[in-house]
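I opened the model to look up the ligand site first. Then I turned to the backbone.

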Amino acid sequence: MTGDPYGLRRRDITDARVLAAMAAVPRAEFIPEAHRLDATADHPLPIGEGQTISQPYIVAWMMQELRVVPHQKVLEIGTGSGYQTAILATLGAEVYSIEIAPRLAARASQTLTRLGYAGLRLRIGNGYDGWKDAAPFDRIVLTAAPPAIPQILTDALADGGRLLAPVGTERQVMVTIDRKGESLTRRESLPVRFVPMR
Ligand code: SAH
């Protein structure tokens with residue numbers, strides 16, 4: 001990949017660590033063979049089970065908004081292809097990722113192992129149940145949209161932590177939640193379109 005993966009620099013992706021991670025992770029490896037030739041284009045692609053791998057720009061935007069620092073504990077809901085999981089690992093996060101579709105979870109696990117990503121905690125389960133025995137998390141990121149942010153997830157956010165999620169049904173918007181002690185602040189940003197959280 002060149003110095004401007006997916007044309008991200010031309011947009012509003014300025015974080016050097018995010019750009020480096022986006023350049024380092026081979027997106028094609030996470031995409032079924034039938035669609036591999038499209039891997040470097042900036043749009044979502046099917047990964048089976050009616051799900052999609054996110055558009056690179058959105059992954060980069062989310063990673064920049066999430067402000068991941070090495071060694072932070074990060075919970076990802078919706079492993080999907082494992083692509084964003086690999087980006088999080090490349091950013092130095094200690095990654096916990098939950099996927100509800102067993103076949104996608106199995107394929108993501110194989111891909112990540114084959115590419116040499118080690119120490120990832122992957123689990124088949126429902127994101128609405130959270131990951132109690134590993135909480136709290138410094139960062140939580142959802143890649144499927146709930147109608148509202150589940151309280152079990154904001155409860156699992158560490159002090160100083162940040163949660164990022166697409167929220168809504170027909171109309172979705174990206175929501176950032178920051179925790180300071182007992183207080184939560186909420187900010188809405190990008191209009192988005194993600195698969196619904198089941
Ligand atoms: N970031 C992923 C995108 C995956 S799409 C990638 O880059 O490939 C969203 C994923 O969320 C799908 O794989 C879907 O199966 C999963 N999902 C939907 N509802 C879920 C839930 N309740 N708990 C966990 N995963 C869920």
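**Ground rules.** I am reading a predicted model, where local features need pLDDT of at least 70, side-chain atom pairs count only at pLDDT 80 or more, and totals for chains, interfaces and linings use all residues. Residues are numbered from 1 along each chain as its sequence is written, and side-chain values use heavy atoms, with hydrogens and water left out.

**Ligand shell.** I looked up which residues surround the ligand and found 23, with S81, E99, N126, G127 and R198 the closest. Here a residue is near if one of its heavy atoms lies within 4 Å of the molecule. By class, I noted 9 nonpolar, 12 polar and 2 charged residues in this shell. Ala, Val, Leu, Ile, Met, Phe, Trp, Tyr, Cys and Pro count as nonpolar, Asp, Glu, Lys and Arg as charged, and the others, Gly among them, as polar.

**Polar contacts.** I took N or O pairs within 3.5 Å. A polar side-chain atom of S81 lies 2.6 Å from a ligand oxygen. A polar backbone atom of G127 is 2.8 Å from a nitrogen atom of the ligand. For a polar backbone atom of I100, the distance to a ligand nitrogen is 3.3 Å. I then checked burial: the ligand taken alone exposes 580 Å², and the protein buries 99% of that. These areas come from the Shrake-Rupley method with a 1.4 Å probe.

The ligand takes the space of the largest pocket. A molecule sits in a pocket if more than half of its atoms lie within 2 Å of the grid points. A pocket is an open set of points on a 1 Å grid over the protein atoms alone, with protein on both sides within 12 Å along at least five of seven lines, and lining residues have an atom within 4 Å of a point. I found 35 lining residues, and T52, T143, A144, F194 and V195 lie nearest the centre. The lining has 17 nonpolar, 14 polar and 4 charged residues.

**Elements.** Strands are DSSP E runs of at least two residues, and helices are H or I runs of at least four. β2 gives the largest share of the ligand shell, 3 residues. β2 also gives the largest share of the pocket lining, again 3 residues.

**Backbone.** I found a cis peptide bond between A135 and P136, with omega about 5°. P136 is in the loop between β5 (121-124) and β6 (137-142). Y6 has a positive phi, near 55°, and lies in the segment before α1 (16-24). Most residues other than glycine have a negative phi, and most peptide bonds are trans.

Terms used. A polar contact is a pair of N or O atoms within 3.5 Å; within protein, one must be able to donate a hydrogen and the other to accept it, and residues adjacent in sequence count only if both atoms are side-chain atoms. On a 1 Å grid over the protein atoms alone, a cavity is a set of points where a 1.4 Å probe fits but cannot get out, and a pocket is an open set with protein on both sides within 12 Å along at least five of seven lines; lining residues have an atom within 4 Å of a point.
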